[in-house]
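Please examine the sequence and the structure shown below. The briefing that follows treats a pair of helices and then a sheet.

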Amino acid sequence: MNPIIARIIVGALLHSAAVAGQITPVPERVPFAVSDKQDSQIPDRVQLTGWLGARIAANETNRLVRVDTSRLLEGYRKRPGRQTWDGEHVGKWLHAATLAWVNTGDAALRAKLDETAAALCECQLEDGYLGTYLEKDRWTAWDVWAHKYNLIGLITYMRYTGNLAPLAACGRMADLLCETFGDAPGKLDLVSSKVGSHTGMASSSVLEPMVLLYRFTGEERYLDLCHYILRAWEQPNGPQIVSRLLANQGVNQVGNAKAYEMLSCLNGALELYRTTADRKLLDACLNAWRDIVDHRLYPTGAASYRELFRDDFDLPESNNVGETCVTVTWLQFNAQLLRLTGEARFAEQLERVVLNQLLGAQKPDGSAWGYYVQMKGKKPYSSTLDGHCCLSSGPRGIALLPTFAISTDRDGAVVNLYDAGTANLTLQDGMAVTLKIDTLYPAEGCIRIAVDPRQESEFSIKLRVPAWCKGSSITPEGATRGADGYTTLRRKWKSGDVIQLDLDLQPRVVIGDHLCEGKAHICHGPLVLAADEALLAGADMRFDDLALATTAPDGLGIAGQDASPEWRTWPGARLYQVNADTRKGGASFTARLIPFADAGATGSRYKVWLPIAGRPLGNLLLDGTESRSRQGNVSGSINDDDPQSLVTTFDGKPAAEDWFAVTLDQPVSASRVVFLSGNVYHDGGWFDTSGGKPRVQIRRTSGGPWETIGELTHYPETTATHGTALKHLQNRFALELPEPVSFTAVRVIGVPACGDNPRQAFSSCAELQAFAR
């Protein structure tokens with residue numbers, strides 16, 4: 001037996017004997033170089049029973065326990081897997097299911113964990129390889145990625161169960177990675193496009209489990225690989241993660257801006273900072289966090305669309321918005337920063353993303369998850385793994401909640417998320433303290449916390465008064481606001497003491513700007529509210545015409561009411577009345593809104609951003625009539641603010657020019673025209689720019705002549721046969737005018753492309769928009 005493994009096993013047995021009767025993780029051999037300011041809690045210490053508790057229970061009962069583990073292992077038992085990333089699912093499941101088992105002690109789930117961990121290890125090849133690829137395809141695409149998740153899942157399983165049988169398999173995996181990748185002669189480049197996707201961010205995100213395995217075993221070569229990964233990031237072909245963030249470049253300028261993979265790398269960088277105290281890693285991550293919060297977050301805490309970080313405030317309501325894998329890694333990123341800094345601003349973002357985007361992606365009964373969960377549309381719930389990486393990511397986010405909802409720091413206890421339940425904590429000085437929370441938050445603002453220390457003792461209890469809360473009260477008196485952003489009560493506590501925190505949940509109206517100009521959304525406390533088409537049943541109006549009567553909260557008459565049984569997903573579920581109208585005004589009525597987390601749960605359409613009655617929308621073309629040079633074979637729309645509803649001009653014939661136009665009943669004045677290209681097909685779909693860029697033309701009067709006012713100069717260089725510089729539905733090109741122009745019609749005109757079929761040519765368009773500024 002490897003002597004290091006033998007020492008770990010002996011240590012684990014001694015540690016287990018010392019703490020018999022409770023779950024205590026196997027200790028790591030390498031201590032932190034930077035101590036956490038706030039502790040990550042063992043999941044069984046925090047038992048939540050409110051809204052979050054209901055979702056945690058549903059996650060285990062209706063998803064994790066019911067997963068067909070033979071499907072998780074299928075790609076390993078019969079290589080290759082169904083998809084190139086098929087290997088990630090089992091490691092993700094092991095991670096989530098282990099945390100869930102620790103929280104509940106479910107014997108059936110533990111048995112499934114033991115069986116699955118052992119079965120995965122049995123699939124390992126003699127050289128240590130534990131992926132789903134054939135040997136000829138090894139170390140391409142998502143192969144290292146699968147090893148990353150296998151390591152994360154198995155390390156989590158070992159630490160919490162004390163069963164170290166998989167350690168040998170983990171060591172062989174890590175040894176193979178160390179032997180294969182590096183900057184020494186004969187080794188593969190981990191960030192090479194041949195090895196992994198997204199400028200190497202996918203493959204190099206193996207940094208996180210390699211740090212964890214180094215701390216678990218003390219094997220220096222695993223740390224050496226981590227340092228190599230930092231060097232590889234800064235290679236000319238690498239993503240330059242640390243250097244660009246330290247230079248205060250936005251995350252949209254790092255690598256290829258792929259959000260999930262970048263956040264995965266940043267989580268690994270934070271683990272390495274915790275291990276080595278390399279301050280530049282923390283600084284880079286803090287810069288990334290600030291950039292995302294300031295420029296790239298949706299109201300619900302979602303980040304990215306079409307899986308990339310985009311330009312500042314480029315946040316369309318739909319267009320594959322809110323990938324759940326991004327949501328979970330963003331949650332992990334904030335949880336890591338919360339541990340390392342102890343600052344409440346990270347808990348603030350955790351509340352935002354958890355109560356809105358994360359729960360909004362989970363079907364309320366826990367059985368399914370949405371891949372892209374957008375600001376409008378339908379929730380795309382699915383419980384089928386094929387093509388659905390988010391189905392394995394979402395449960396990890398839910399299972400992590402008990403680790404940071406209620407915590408401890410050097411001063412005492414910290415409450416980050418408010419939910420009914422009980423936390424059995426051990427303070428850093430060894431004092432045992434139980435906090436019992438009674439609340440219907442976020443439906444109600446009253447939170448009562450019963451404090452029960454093992455013996456009378458002085459320590460602090462830190463409460464988070466959210467930034468959105470304009471009024472709060474705390475008893476007993478004496479609370480102070482600290483530099484860490486928490487409100488702190490420090491005193492001698494004894495059994496029977498009770499804290500009451502009352503948060504003012506006054507509704508707020510958030511006025512839209514940029515792409516949501518002319519619209520608004522409503523928040524009630526931490527909850528983002530949405531309109532749900534099913535709640536308009538019986539109303540004599542179209543869902544698309546629903547608007548807010550005003551932007552004044554008093555004028556909207558927002559009032560919560562108990563949800564009727566068909567909408568009650570937990571005992572505190574509420575619906576919210578609001579004074580509504582139609583977009584053009586004159587049809588006042590009362591509508592009901594629902595928290596985003598529950599919106600669309602019945603399969604109906606929903607939307608967060610609502611027009612303001614009587615006000616022009618940001619996109620001046622929404623009420624116009626669209627047309628195009630040829631009818632084409634895809635009948636979507638170019639003026640509905642839905643980029644996924646595209647059109648083409650395909651008719652199987654060639655054409656010298658194609659155009660896409662919108663005509664208005666009344667003139668409008670615009671200073672910016674935006675063209676969103678559609679799909680890139682093998683046989684066309686783009687404009688050929690070899691003879692010039694697409695032109696923007698207007699008609700100043702109804703039926704007047706077309707007049708060119710500019711070109712889409714940022715449209716890439718393409719030919720009739722090659723449009724690879726464009727990507728599906730990801731290309732937004734704007735013409736910025738020095739002065740506003742007035743028109744009754746606008747169009748984009750260019751030369752269609754033929755791709756690999758020169759007998760025809762066509763183009764496509766997802767949206768044509770115009771803005772006053």
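**Helix pair and sheet**

Helices H13 and H14 cross in the left-handed sense, a term used when the near helix is turned anticlockwise from the far one by less than a right angle (right-handed if clockwise). The model is predicted: local features need pLDDT of at least 70 and side-chain atom pairs count only at pLDDT 80 or more, while totals for chains, interfaces and linings use all residues. Residues are numbered from 1 along each chain as its sequence is written, and side-chain values use heavy atoms, with hydrogens and water left out.

**The helix pair**

- The axes of H13 (residues 279-295) and H14 (residues 324-341) come within 12 Å and cross at roughly 130°.
- H13 is therefore oblique to H14 (under 35 degrees is roughly parallel, over 145 roughly antiparallel, 65 to 115 roughly perpendicular, and the rest oblique).
- In the contact (heavy atoms within 4.5 Å), H13 contributes Leu 282, Cys 285, Leu 286, Trp 289, Ile 292 and Val 293, and H14 contributes Trp 330, Phe 333, Asn 334 and Leu 337.

**The sheet**

- Six strands form an open sheet with antiparallel pairing, in the order S1-S7-S8-S9-S14-S11; strands are DSSP runs (E, at least two residues), as helices are (H or I, at least four), numbered from the N terminus.
- Strands S1 (46-48) and S11 (472-475) are the edge strands, each pairing on one side only; two strands pair if DSSP finds at least two bridges between them.
- S7 (residues 421-426) and S8 (residues 432-439) pair in the antiparallel sense over six bridges.
- Gly 421 stands opposite Ile 437 in S8.

How values were computed:
Axes are lines fitted to C-alpha atoms, for helices over the stretch in contact, and angles run from 0 to 180 degrees between N-to-C directions.
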